[in-house]
Amino acid sequence: MSTGQLLSIEPQELQFPFELRKQISCSLNLSNKTDNYVAFKVKTTNPKKYCVRPNTGVVLPRSTCNVVVTMQAQKEAPTDMQCKDKFLLQSVVASPGATTKDITAEMFNKESGHNVEECKLRVVYVAPPRPPSPVREGSEEGSSPRASVSDNGSFNAAELTSVSRAHVDRHETQDNSSDARSLISKLTEEKNSAIQQNSKLQQELELLRREAKRNQSCIPFIYVFLVGLIGIILGYLLKRT
């Protein structure tokens, strides 16, 4: 824990259980030890990599505030699994009743005579949590060696490289499986669509056949009707003459 005159900050290191292609978060606990309103601001050397919520705020007297730092999903692991990113937390006494809207950049300007406290925090990659093994450790002879973790929870370079490669292989397999499922689903949809279109064409063809038959059956009837009509007209004319 870092103890300044205004805020107590815990922890001093931002520890992220590093995993490829996964967002990871950790928390900072800020405790106001004074009877004043204390404004704070969080800065980082790599703002595109991290999301800090809230990155500015006001801690009420004798109260605490929680800050969540989220590391964006990483596609590649560092070669030595060492992180050079740093965070800087600045704090300054604010006016009574101040809120986040009242915070300005000028409040944290030392050249303007403001008494600004600063606390530097470093980023550390630690081992991701392991799933429970169904096999007891005493019966694991001949199995492949696992990556070990030191007492402070950090990796050495060779072990972390092995772990990162395993994560890459697993994600690549998952991506291939996902692509295969997507292709199968697309082909199935196209097959069903073709079957529906074929059925529709058959129905339309059957309707056309029925229509043609009706037209053919109507032709003799019309022919007989016309002959009868002509006969009637001729008979009428002959009677008149």
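Q: Let's start with S91. Which residues does S91 touch, not counting residues up to four places away in sequence?
A: This is a predicted model, so take what follows as computed from it. S91 touches L6, L7, V38, A39, F40, F108, N115, V116 and E117, once residues up to four places away in sequence are set aside.

Q: Where is S91 found, and is S91 buried or exposed?
A: S91 is found in strand β9. Its relative accessibility is 3%, so S91 counts as buried, the cut-off being under 20%.

Q: What share of the residues is buried?
A: Of the 241 residues in the protein chain, 27% are buried. The chain exposes about 17,200 Å², and carbon and sulfur atoms supply 54% of that.

Q: And the contacts, what share of them join residues at least 24 apart?
A: That would be 70%, counting contacts between residues at least 6 apart in sequence.

Q: Now the inside. Which residues touch the most other members of the largest nonpolar core?
A: Those are F16, F40 and F87, in a core of 29 residues. Strands that each supply at least two residues of this core include β3 (13-17), β5 (37-44), β9 (86-94) and β10 (117-126).

Q: What is F87 in contact with, leaving aside its neighbours within four places in sequence?
A: F87 is in contact with L14, V42, K43, T44, Y50, V52, V69, C119, K120, L121 and V123. There is also a second, separate core of nine residues, with A39, V58, I103 and M107 among them.

Q: Let's switch to the surface. Which residues form a nonpolar patch there?
A: The patch is formed by F221, I222, F225, L226, L229, I230, I233, L234, Y236 and L237, and together they have about 1,000 Å² of accessible area. One of them, L226, is found in helix α1 (residues 157-240). L226 has 44% relative accessibility, so it counts as partly exposed.

Q: Time for the loops. Where is Q72 found, and what is Q72 in contact with?
A: Q72 is in the loop between β8 and β9. Apart from neighbours within four places in sequence, its contacts are K22, Q23, K48, K49, Y50 and C51. The side chains of Q72 and Q23 are joined by a polar contact of 3.0 Å.

Q: Which side chain does the side chain of E19 make a polar contact with?
A: That is K22, at 3.4 Å. E19 lies in the loop between β3 and β4, and it counts as buried because its relative accessibility is 14%.

Q: What about phi of R62 and phi of M81?
A: Phi of R62 is near 55°, a positive value in a residue other than glycine, and phi of M81 is likewise near 55°. R62 counts as exposed because its relative accessibility is 56%, while M81 is buried, with a relative accessible area of 5%.

Key: Residues numbered from 1 in each chain as written. Predicted model: local features only at pLDDT ≥ 70, side-chain atom pairs only at ≥ 80, totals over all residues. Heavy atoms only, no water. Buried < 20%, exposed > 50% of the residue type's maximum accessible area, 1.4 Å probe, protein only. Contact = heavy atoms within 4.5 Å. Areas by Shrake-Rupley, 256 points an atom, 1.4 Å probe, with all protein chains shown as cover. Core = buried A, V, L, I, M, F, W, Y, C linked by side-chain atoms within 4.5 Å. Helix = DSSP H or I, 4+ residues; strand = E, 2+ residues; numbered from the N terminus. Patch = residues over 30% accessible without salt bridge, like charges linked within 9 Å, V, L, I, M, F, W, Y side chains within 5 Å. Salt bridge = Lys/Arg side-chain N within 4 Å of Asp/Glu carboxyl O. Polar contact = N/O pair within 3.5 Å; in protein donor to acceptor, adjacent residues only side chain to side chain.
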